[in-house]
Amino acid sequence: MKKYYPMMVDINGLRCLVVGGGKVAERKTRGLLDAGALVTVVSPKLTPQLAQWADTGEIVWRRRLYRREDHEGCRLVIAATDQAEVNVQIRHEADARGQWVNVIDHPELCTFTVPATVTRGKLCIAVSTGGASPSLAQMIRDQLASMYGEEYELHLELLQEMRGIIQQRVPVPKERYRLVKELAGEEWLEECRANPEKVRSKMYQWLDHALSPQT
Ligand SMILES: C[C@@]1(CC(=O)O)c2cc3[nH]c(cc4nc(cc5[nH]c(cc(n2)[C@H]1CCC(=O)O)[C@@](C)(CC(=O)O)[C@@H]5CCC(=O)O)C(CC(=O)O)=C4CCC(=O)O)c(CCC(=O)O)c3CC(=O)O
Ligand SMILES: NC(=O)C1=CN([C@@H]2O[C@H](COP(=O)(O)OP(=O)(O)OC[C@H]3O[C@@H](n4cnc5c(N)ncnc54)[C@H](O)[C@@H]3O)[C@@H](O)[C@H]2O)C=CC1
């Protein structure tokens, strides 16, 4: 069985190639755009959403069939046509150029696969089944989405802010970890859920108190 290494990849500003203009190409393109990539789509036809992104300049559209030279200057490639032989050809060309490649109709040919995700601001929970069942990945994602609500976005923003302050002001690592862990606790999450407008100042107060010399 193939094994995978999960990682978060920074593709901001990276040129990516998507070949095909159907439903799956659209979903993969959305993910790439959300992550800040510069996407070129090669396909004679596009879904209405892809066509709209082409109109607004959010993607570059090459309105024709795939050619080998489409790979030039790209770091990451998605073979998203409904033609198995074309997708295999894209995999080979990507290999020759050392590009990461996802082949939507052939898990064994992928050098990376795309997980189902829940995002709450900076929080990203990703589910992969190693290609065994994307539908199960989707179902687990939906369960996680109902468990991890919108309040995590705010909690995480605040945690990042507080962590910066704690790192600057608390020299003892053990004490730093204690404070950070307390702020990450369930009570503060509940506070984010119940009092989103007040939680920030409350957290600052708590931290001021925790950092004051007499405590
Ligand atoms: C290997 C992988 C490669 C890759 O695409 O990265 C792959 C491959 C294949 N998918 C197929 C089918 C479907 N895929 C979906 C949906 C998603 N597929 C995604 C990922 C992956 N799909 C990677 C493995 C992920 C993992 O390890 O779990 C998700 C999670 C992420 C995304 O695409 O963004 C996204 C949900 C996103 C979301 O909801 O947010 C649906 C449901 C739908 O479309 O609504 C169906 C139809 C139902 C079914 O078959 O389950 C087929 C058979 C095609 C056929 O039979 O013709 C293949 C090829 C094969 O298995 O041979
Ligand atoms: N990985 C995944 O998440 C999923 C994969 N699939 C697989 O993906 C395949 C494609 O799915 P859809 O997007 O729904 O198909 P689709 O039929 O909607 O889109 C195929 C696209 O490929 C384009 N195309 C065909 N030949 C081309 C070429 N030589 N160069 C450039 N573009 C070309 C067509 O113009 C069309 O836009 C399915 O056949 C299925 O096997 C299906 C569902 C999910």
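1. Strand β4 (residues 76-79) is joined to β5 by 4 bridges, and the two run parallel. Strands here are DSSP runs of E, at least two residues long, and helices are runs of H or I of at least four residues, both numbered from the N terminus. Two strands count as paired if DSSP finds at least two bridges between them. Within this pair, Leu76 has Trp100 of β5 as its bridge partner.

2. The model is predicted: local features need pLDDT of at least 70 and side-chain atom pairs count only at pLDDT 80 or more, while totals for chains, interfaces and linings use all residues. Residues are numbered from 1 along each chain as its sequence is written, and chains are lettered from A and ligands numbered from 1 in the order in which they are written.

3. The pair belongs to an open sheet of 5 strands with parallel pairing, ordered β3-β2-β1-β4-β5. Its edges are β3 (59-62) and β5 (100-103), each of which pairs on one side only. On average, neighbouring strands of the sheet are turned by 15° against each other, direction ignored. Axes are lines fitted to C-alpha atoms, for helices over the stretch in contact, with angles from 0 to 180 degrees between N-to-C directions.

4. Helix α1 (residues 23-34) lies across β1 (15-19), β2 (38-42), β3 and β4. Relative to β2, α1 runs at about 165°.

5. The chain is divided into domain 1 (1-114), domain 2 (115-149) and domain 3 (151-211), with bounds from an automatic or database domain assignment. The centres of domains 1 and 2, taken over C-alpha atoms, are 21 Å apart. Between them, 6 residues of domain 1 are in contact with 5 residues of domain 2 (C-beta atoms, placed from the backbone, within 7 Å). The domain 1 side of this contact has 4 nonpolar residues, 1 polar and 1 charged. Ala, Val, Leu, Ile, Met, Phe, Trp, Tyr, Cys and Pro count as nonpolar, Asp, Glu, Lys and Arg as charged, and the others, Gly among them, as polar.

6. Strands β6 (residues 116-120) and β7 (residues 123-127) run antiparallel and are joined by 5 bridges. Val118 is partnered by Ile125 of β7. The two strands form a hairpin with 2 residues between them, and Gly121 in the turn has a positive phi of about 60°.

7. Ligand 1 is surrounded by 21 residues, the closest being Val114, Thr129, Pro134, Ser135 and Ala137 (C-beta atom, placed from the backbone, within 6 Å). The shell has 8 nonpolar, 10 polar and 3 charged residues. Domain 1 and domain 2 each contribute at least three residues. Helix α4 (134-147) and α1 each supply at least two, and α4 gives the most, with 4 residues.

Technical notes. Contact = placed C-beta atoms within 7 Å.
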